[in-house]
Amino acid sequence: MRTDRLVAILLMLQRREQTTAAEVARELEVSERTARRDLDALAMAGVPIYSTQGRGGGWRLVGGARTDLSGLTASEARALFLVAGPASAATPAVKAALRKLVQALPEPFRVQAEAAASSLVMDPQQWGTNRVEPRPPQFLDALQDAVIRGVQVRLGYLDRKGAETERTVHPLGIVAKGLSWYLVANTDAGRRTFRVDRVSSVDSTDDPVHRPDDFDLAASWREIADEVDRKRTPLEIQALCVPDGVGVLQMAFGSRLEVGGTKTDGRVEVVIRGHSEYMLAGELSGLIDYVEVTSPQGVRDHLASIGATLVKRYGSVSDRGEADD
């Protein structure tokens with residue numbers, strides 16, 4: 001608690017040209033005696049503050065109240081406060097901390113930082129999807145605390161079928177993927193990921209986490225995400241795409257598309273991943289002006305079947321219309 005008070009006093013000195021022990025006591029809800037001890041402690045710790053006695057006296061920062069205690073540049077301050085706006089995805093605790101930190105900035109920086117906080121809206125919903133207000137999972141804070149403190153936890157967890165298990169894990173990091181949160185952790189079975197919304201209990205221990213020296217959360221998550229994508233889309237097809245259609249395929253398939261070399265006829269070799277032959281054929285059936293599937297034969301057969309069905313269902317209507325004319 002005293003550390004919190006000392007930081008608060010520094011912020012007060014940053015905001016004001018001068019403050020008194022009585023003002024510190026009122027703002028921090030402590031006695032004047034405690035406020036004086038805290039001010040003396042800051043001075044003894046080497047913080048550049050000094051006191052003046054007599055009428056109109058008080059405590060000041062050496063060099064004036066415009067010294068930038070945060071060490072941030074103007075552009076860094078603006079970038080930081082872009083995530084503090086009311087519509088951002090930052091947690092309430094992060095937003096509150098950033099709004100307090102703005103008081104430690106010099107006046108020119110402070111105005112721009114406050115403007116940055118209200119200049120950006122982040123809407124995670126895609127067009128055409130139902131609006132879902134994201135709620136942090138119940139045990140997100142407890143798991144993040146374990147990651148920061150570097151302690152193992154006994155984790156209660158529900159699998160996809162609703163069966164509950166309990167295990168001791170070594171939390172390594174937290175990842176937000178879209179609207180979902182994941183815990184990356186080491187276990188007796190190796191490195192695993194856990195959906196935080198399936199965690200049923202968290203019991204921190206005093207045992208330290210065994211964290212590999214070369215562990216990098218971002219790199220580890222890229223490997224995990226690539227592996228998950230491969231499992232979700234195990235089928236690969238080869239196809240030829242007209243040059244003007246590559247951009248269309250990129251919009252349609254995203255990371256499931258790999259673009260290769262150009263053939264002598266100008267068409268581009270592509271590889272597309274999908275869940276099954278039938279599902280991929282369905283996705284490609286509306287792109288026949290751009291792409292020709294060369295393999296596997298099963299996808300070509302499904303496309304032929306889809307085409308025959310379309311002709312049978314809609315071609316007959318056209319024929320009847322022409323006959324009526």
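A residue counts as buried when its relative accessible area is under 20%. S220 has 5% relative accessibility, so S220 is buried. The model discussed here is predicted.

**S220 and its setting**

S220 sits in helix α8, which spans residues 217-232. Leaving out residues up to four places away in sequence, S220 touches V184, R191 and F215.

**The chain as a whole**

The chain has 325 residues, and 31% of them count as buried. It holds eleven helices and eleven strands. Its accessible surface comes to about 20600 Å². Carbon and sulfur atoms account for 51% of that surface. Take the contacts between residues at least 6 apart in sequence: 56% of them join residues at least 24 apart.

**Nonpolar cores**

In soluble globular proteins, nonpolar side chains tend to be buried together. Here the largest nonpolar core has 19 residues. Those with the most contacts inside this core are I237, L249, F253, V270, I272 and L284. Six elements each supply at least two of its residues: strands β8 (235-241), β10 (268-274) and β11 (291-295), and helices α9 (246-253), α10 (277-284) and α11 (297-324). Strand β8 gives the most, with four residues.

Leaving aside neighbours within four places in sequence, F253 is in contact with I272, L280, E283, L284 and L287. Another core lies apart from the largest one. This other core has 16 residues, among them V153, V169, A185 and F194.

**The four-stranded sheet**

An open sheet of four strands runs in the order β9-β10-β8-β11. The pairing is antiparallel. Which strands form the edges? They are β9 (257-262) and β11, each of which pairs on one side only. From one strand to the next, the twist averages 30 degrees.

Strands β8 and β10 pair in the antiparallel sense over seven bridges. E236 has R273 of β10 as its bridge partner. Helix α9 packs on this sheet and touches β8, β9 and β10. The direction of α9 makes about 160 degrees with that of β9.

**Aromatic pairs**

A pair of aromatic rings is described by the distance of the centres and the angle of the planes. A search of the whole structure finds two such pairs.

| Pair | Centre distance | Plane angle | Class |
|---|---|---|---|
| Y157 and F194 | 5.1 Å | 80 degrees | edge-to-face |
| Y182 and W221 | 5.4 Å | 40 degrees | tilted |

Why do the two pairs fall into these classes? Planes over 60 degrees apart count as edge-to-face, and those under 30 as stacked, with the rest tilted. The planes of Y157 and F194 stand at 80 degrees, so that pair is edge-to-face. The planes of Y182 and W221 stand at 40 degrees, so that pair is tilted.

The Y157 and F194 pair links distant parts of the chain, 37 residues apart. Y157 belongs to strand β3 (residues 151-158), and F194 to strand β6 (residues 190-195). Both residues are buried.

Y182 lies in strand β5 (residues 180-187) and W221 in helix α8, so their pair ties together parts that are 39 residues apart in sequence. Are Y182 and W221 buried or exposed? Y182 has a relative accessible area of 17%, so Y182 is buried. W221 has 16%, and W221 is buried too.

Terms used: Residues are numbered from 1 along each chain as its sequence is written. This is a predicted model: local features need pLDDT of at least 70, side-chain atom pairs count only at pLDDT 80 or more; totals for chains, interfaces and linings use all residues. Side-chain values use heavy atoms; hydrogens and water are left out. Buried means under 20% relative accessible area, exposed over 50%, partly exposed in between (1.4 Å probe, protein chains only). Contact means heavy atoms within 4.5 Å. Accessible areas come from the Shrake-Rupley method with a 1.4 Å probe; for residues, only the protein chains shown count as cover. A nonpolar core is a set of buried Ala, Val, Leu, Ile, Met, Phe, Trp, Tyr and Cys residues joined through side-chain atoms within 4.5 Å. Rings of Phe, Tyr and Trp (its six-membered ring) pair if their centres lie within 6.5 Å; planes under 30 degrees apart count as stacked, over 60 as edge-to-face and the rest as tilted. Two strands pair if DSSP finds at least two bridges between them. Axes are lines fitted to C-alpha atoms, for helices over the stretch in contact, and angles run from 0 to 180 degrees between N-to-C directions.
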